[in-house]
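Biologist: Let us go through this model together. I will ask, you answer briefly.

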Amino acid sequence: MASAFETSTTIYVNSFAGLSSTCGSVEELCDGVLLSEIFAQISPQHCSYTILAGDSLAAHRTNLTQLVHSIEDFFASMDKPFTLDHVDLDAISRDHDLGELEKMVEFIVGACVMCADKQKFVQQIMGMSDGKGLMMQYAQAIMQREAAPPRQDEPSIAQAAQDAATEEECVVLKKRVSALESDLELSRDRVGGCNRELEEQRMAMSQVEQENEALRKQLEEQRATLTKENDSLMEQVKEKDDELHDLMSKRRDDNDGGHKQKVVRLENQMEKMVDENDILKSKVKELSKAKEREEKLRAKLEEMNTLKKSMQDTDKLSVERLEALNGVEFERDDLKRQLASLTKEVERYRNESVDAMKQLHEANSAREVAEEELVKMDDFKQKMEDAVERAKYFEEQLEEANEAAETVVVGGG
């Protein structure tokens with residue numbers, strides 16, 4: 001809850017026209033810019049210095065120093081040689097000390113009711129919607145102040161006016177601190193729950209990595225075995241092709257009376273070799289598919305490693321936020337936003353992990369369906385090729401039989 005000084009001073013500053021900006025809080029006065037612009041309207045002849053803008057502490061300190069000198073010159077011209085040595089300018093510019101800032105505001109308000117255009121500024125104070133009583137107390141305190149500089153620990157009259165409200169503010173602040181501590185404890189419990197969920201995710205990820213490693217080793221073994229089988233099958237295919245070539249040569253040279261029986265036997269042998277050749281081709285295709293499956297699993301493993309790194313980053317972020325929670329200065333809204341963000345990240349990484357496993361399952365299902373379809377298509381294609389070859393073969397046999405029949409007829413005649 002804002003104090004009387006903060007509320008009244010904000011209204012007082014915003015009652016001046018022609019300022020470079022409006023005042024949202026009294027802490028914005030700690031750079032000396034708005035206070036210097038106000039004093040330039042009160043006593044232009046004593047405020048001819050250049051006002052420095054920016055976020056530099058050195059610029060803020062310079063503005064406040066020049067303002068103090070201008071205030072001292074003004075009161076010296078009014079036969080009130082006040083000094084502002086008791087005002088800690090470093091506390092104002094660096095620490096935004098509102099107690100020290102109040103001393104500065106008190107002198108500025110006193111100057112506005114003692115300057116040449118004091119009637120205007122008094123009416124301006126009286127026209128304030130709230131806080132004009134405190135401003136008039138500031139003015140009265142300066143007008144009644146002796147020329148001797150005050151002690152460092154001397155409180156302002158305005159501070160005495162706030163003593164009545166101090167006890168109530170302390171009670172409110174204690175309640176607020178108690179509420180914040182409760183929220184902090186609740187937030188720590190929630191963060192602890194999030195950390196437990198992250199630990200479970202890490203354990204699940206570790207298990208997935210172990211399964212992937214075992215699967216990778218199994219794939220390596222299968223690839224080596226299939227490679228050996230493929231080499232052996234290729235040799236067998238070559239041998240079968242040689243045998244088929246020999247059989248075809250023998251068939252063309254065979255003109256015995258048992259020609260048809262040999263042809264049938266050769267056809268059976270050819271069909272058997274074709275079947276064996278199909279089996280060999282299917283095994284070769286299985287090897288190729290196993291290699292493709294291995295590549296896909298490697299890609300999935302890379303995705304899981306990326307997800308692991310993301311979870312490690314999230315874990316690091318969670319630790320940083322736990323350390324930040326040790327400070328009481330964090331407000332409840334900040335804690336809620338941090339927890340909401342952390343919860344969303346945990347949920348997002350959990351969803352990504354589930355989606356990755358789902359995609360892997362879908363990919364395996366699609367692969368199995370595709371393999372079945374390819375096997376069916378290969379079988380159908382091979383049957384068609386076999387049918388065409390048999391048709392050609394029977395046509396050739398028919399032509400040879402016709403030629404043999406014509407030869408027999410001619411010989412008998």
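Biologist: Leaving aside neighbours within four places in sequence, which residues is serine 93 in contact with?

Modeller: Bear in mind that the model is predicted. Serine 93 is found in helix α4. With neighbours within four places in sequence left out, the residues in contact with serine 93 are Cys30, Leu57, His60, Arg61 and Leu64.

Biologist: Is serine 93 buried or exposed?

Modeller: Buried means under 20% relative accessible area. Serine 93 has a relative accessible area of 4%, so serine 93 is buried.

Biologist: How far is the backbone oxygen of aspartate 90 from a polar atom of the side chain of serine 93?

Modeller: The cut-off for a polar contact is 3.5 Å. The backbone oxygen of aspartate 90 and a polar atom of the serine 93 side chain are separated by 3.4 Å.

Biologist: How many disulfides are there?

Modeller: A disulfide needs two cysteine sulfur atoms within 2.5 Å. For cysteine 23, the nearest cysteine sulfur is that of cysteine 30, 9.6 Å away. For cysteine 112, the closest is in cysteine 115 at 6.6 Å, too far for a bond. The count of disulfides is zero.

Biologist: What is the relative accessible area of cysteine 112?

Modeller: Cysteine 23 is buried, at 5%. Cysteine 112 is buried too, and its relative accessible area is 0%.

Biologist: Leaving aside neighbours within four places in sequence, which residues is isoleucine 42 in contact with?

Modeller: Leaving out neighbours within four places in sequence, its contacts are Ile108, Ala111, Cys112, Cys115 and Phe121.

Biologist: Is the ring pair of phenylalanine 82 and phenylalanine 107 stacked or edge-to-face?

Modeller: The count of aromatic pairs is eight. In this one the ring centres are 6.0 Å apart and the planes are at 70°, so the pair is edge-to-face.

Biologist: Where are phenylalanine 82 and phenylalanine 107?

Modeller: Both residues are buried. They are 25 residues apart and link distant parts of the chain. Phenylalanine 82 is in the loop between α3 and α4, and phenylalanine 107 is in helix α5.

Definitions and conventions: Residues numbered from 1 in each chain as written. Predicted model: local features only at pLDDT ≥ 70, side-chain atom pairs only at ≥ 80, totals over all residues. Heavy atoms only, no water. Phe/Tyr/Trp six-rings, centres within 6.5 Å; stacked < 30°, edge-to-face > 60°. Helix = DSSP H or I, 4+ residues; strand = E, 2+ residues; numbered from the N terminus. Buried < 20%, exposed > 50% of the residue type's maximum accessible area, 1.4 Å probe, protein only. Polar contact = N/O pair within 3.5 Å; in protein donor to acceptor, adjacent residues only side chain to side chain. Contact = heavy atoms within 4.5 Å.
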